[in-house]
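Here is a short briefing on one structure. Read it with the sequence and coordinates open.

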Amino acid sequence: MISCSSDDSVSPGLSTLPEVALDRHYQAIFEAAEKSCGAPRVYRHRLLSEAHDLLALCQLSGRLQVLWLDLAVGLRAKLSLEVPVPCLPDPVGPLQVARCALLGLLYPQEAIVMPLPGHAFVRILAPRPVWLGCVGPDANQMVCLGPSLPPGIPVIEIVLMTYGALSMQSTLINVHDPAGVANAEAAVWWQCPANACRIPLSREPFLRDEVPHVP
Amino acid sequence: MPLVGCAAGALGSLAKRRVAVIGCGSVGGRVALLASRMGLGGLVLVDPKRLKAGGLATHDMGPEDVGKPKALVTARRCSRINPAMQVLAFVQAVEALELSVLAGVDLVVMAPDLLAVEIEVGQRCIWLSKPLVHASVHGPTLTAQVRFFLNAKGAGGCPACGYGKAEQDLMTRQVRFSCEGAAGAVVPLPDTVPATNSVSPLCAQAAALAVMQAIRFLVPVGQPVADTMLEYCGFTHRTVVSPITRNPNCMLDHNAIVQVALDPPLGDLSLAQVAQQATGAPPSADARFELEGLQWVELASCRCPEPRPVRRFVARGRKRLPCCRKCSAPLVPLNFYTYPQVSASVLGSAAERPLRDLGARGLTSLLLRTGDAGVLIRQSTPH
């Protein structure tokens, strides 16, 4: 087990999440979720591992918080993610950038064995209305992370992809892309040079002590 | 027609049998037509797709059917062949099919073009302990393959038991094993390689073998077909039969569910009462309920700043609910707070209320799951 105290010789990172020892707060969340886990045996171990890694990521990053976690049917979590989120409440008004997103994460147990559409996993519960090509304009604000995601994709991958999508570190604004966009109007808006110059909204890596990749 | 080794009129027993065919394409469509001619009592057809022009090379359908849903085209032909047979056609993905539909058949035949569908059907048949026949072809080697999974108490093999890394990769890329294109007349879609590119006689052969295996099981007649793989080679006309075994590391849940029929109208009972009557015990903390055609909506959105509580079952796919009393705007169920399977912990005190008060008045079946165990609860008589 790797603890997260600063005097440790091994620096915990994304590759060592399964070995991270959860602190008391996150351990309590994990144990409560474990008790309610209703998945069949074949999926149970995997869902618990995913829940552990998600909580470990919260513990390491400081920018992610699990507000609620339920394993009764698949994995369902309400997350608070510190990330710039572009919003356009007034279509002709200025862009507003929120500093935090409240995310609804759904990870059905079928995702372990089957590819699911990229919009099946994450909803933005707040703020509203998010103004991005990859976020649906309706009340559900589904985040589209691609045409489909591979079976067994780890939950933390989905969280990292969501961070990249919201901060526009990875973005899709081409409405003619075969993958399609969830909000064509927003995609066109971001193509305008005056707006495109704001991309990305943040260059900060997910883990703050990570060295940003410079091509 | 008398069959050697069988009682007179043995084939007549098929009139009491119901078969589901998943995938009504080059192979599955022919399976349905052949099954209709065998005097089955009922046929359930499932296919979400429409016939494309390129499909005429292999499908047993005509140019007049191009653009029409394959399930409907096949259903109409089957009904004309055997007017006494009840035919139900579902133009939808098998994932959206209620479990109770397959619970009512004696055998399932599948001939899909996606591995993900194989997995979905395989999983459902394991849960329901339904015999499953999987018919497929491989064009370049002129091979027709028919696998018969008995699914007796989840003990035997399943379609996913033989999956390895290659199948995982094909599934990730959602490769379609389309029979179209053998004539070279169609432009291949992305990720259709390696397509089966089969020829029509091979598809017909696979369908005929699949129906023959189904008859041998249903009558029953001949050598047992349970948990076997039959392969036919078009180059040599040789057939090889080999056993199918369970892979202990299979990715699917190999636990069968129990089926229970309850007499009182389900709408008059609460979910706690349903669980008590079906299992003899109140629902445990990890119990989950899946109601046929319904989903639990916890919160919905309107023009109000905060989401509004709904806490009712509503029809799946319903996009709008009655208007909000505060802002008069239609309530839109929020996807994150909508539960196709709802746990006892989310239901809370609603588990004690009669289902009719929760929007599930005419409910006819529901699935109760607790850990590895599952119970499909159906209304025994219509009220």
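Helices (H or I, at least four residues) and strands (E, at least two) are DSSP runs, numbered from the N terminus. By that rule, B:Leu99 belongs to helix H3 (residues 99-103) of chain B. This is a predicted model: local features need pLDDT of at least 70, side-chain atom pairs count only at pLDDT 80 or more, and totals for chains, interfaces and linings use all residues. Residues are numbered from 1 along each chain as its sequence is written, chains are lettered from A and ligands numbered from 1 in the order in which they are written, and side-chain values use heavy atoms, with hydrogens and water left out.

**Chain A overall**

- Chain A has five helices and seven strands.
- Their order along the sequence is α-α-β-β-β-β-β-β-β-α-α-α.
- Chain A holds 215 residues, and 52% of them count as buried. Buried means under 20% relative accessible area, exposed over 50%, and partly exposed in between (1.4 Å probe, protein chains only).
- The accessible surface of chain A is about 9,700 Å². Carbon and sulfur atoms account for 56% of that surface. Areas come from the Shrake-Rupley method with a 1.4 Å probe; for residues, only the protein chains shown count as cover.
- Take the contacts in chain A between residues at least 6 apart in sequence: 60% of them join residues at least 24 apart. Contact means heavy atoms within 4.5 Å.

**Helix packing**

- Two packed helices are described by the angle between their axes and the distance between the axes. Axes are lines fitted to C-alpha atoms, for helices over the stretch in contact, and angles run from 0 to 180 degrees between N-to-C directions.
- In chain A, helix H1 (residues 24-36) packs on helix H2 (residues 41-61) at about 160°, with the axes 10 Å apart. H1(A) and H2(A) are therefore roughly antiparallel. Angles under 35 degrees count as roughly parallel, over 145 as roughly antiparallel, 65 to 115 as roughly perpendicular and the rest as oblique.
- From H1(A), A:Tyr26, A:Ile29, A:Phe30 and A:Glu34 meet residues of H2(A) including A:Arg44, A:Leu48 and A:His52. This contact of H1(A) with H2(A) has seven nonpolar, two polar and two charged residues. Ala, Val, Leu, Ile, Met, Phe, Trp, Tyr, Cys and Pro count as nonpolar, Asp, Glu, Lys and Arg as charged, and the others, Gly among them, as polar.
- In chain B, helix H1 (residues 28-37) and helix H6 (residues 200-218) pack at about 45°, with their axes 8 Å apart. H1(B) and H6(B) are therefore oblique to each other.
- H1(B) contributes B:Arg30, B:Val31 and B:Leu34 to this contact. Among the H6(B) partners are B:Ser200, B:Cys203 and B:Val211. The contact of H1(B) with H6(B) counts eight nonpolar, one polar and one charged residues.

**B:Leu99**

- B:Leu99 is buried, because its relative accessibility is 11%.
- Beyond four places away in sequence, B:Leu99 touches B:Arg124, B:Trp127, B:Leu128, B:Ile257 and B:Leu367.

**Backbone points to check**

- The peptide bond from A:Arg128 to A:Pro129 is cis, with omega near -15°. A:Pro129 sits in the loop between strand S5 (122-126) and strand S6 (142-143) of chain A.
- The A:Ile199 to A:Pro200 bond is also cis, with omega near -5°. A:Pro200 lies in the segment after helix H5 (193-196) of chain A.
- B:His237, a residue other than glycine, has a positive phi near 60°. B:His237 is exposed at 61% relative accessibility.
- B:Arg311 has a positive phi near 50°. B:Arg311 lies in strand S12 (residues 308-315) of chain B and is partly exposed at 28%.
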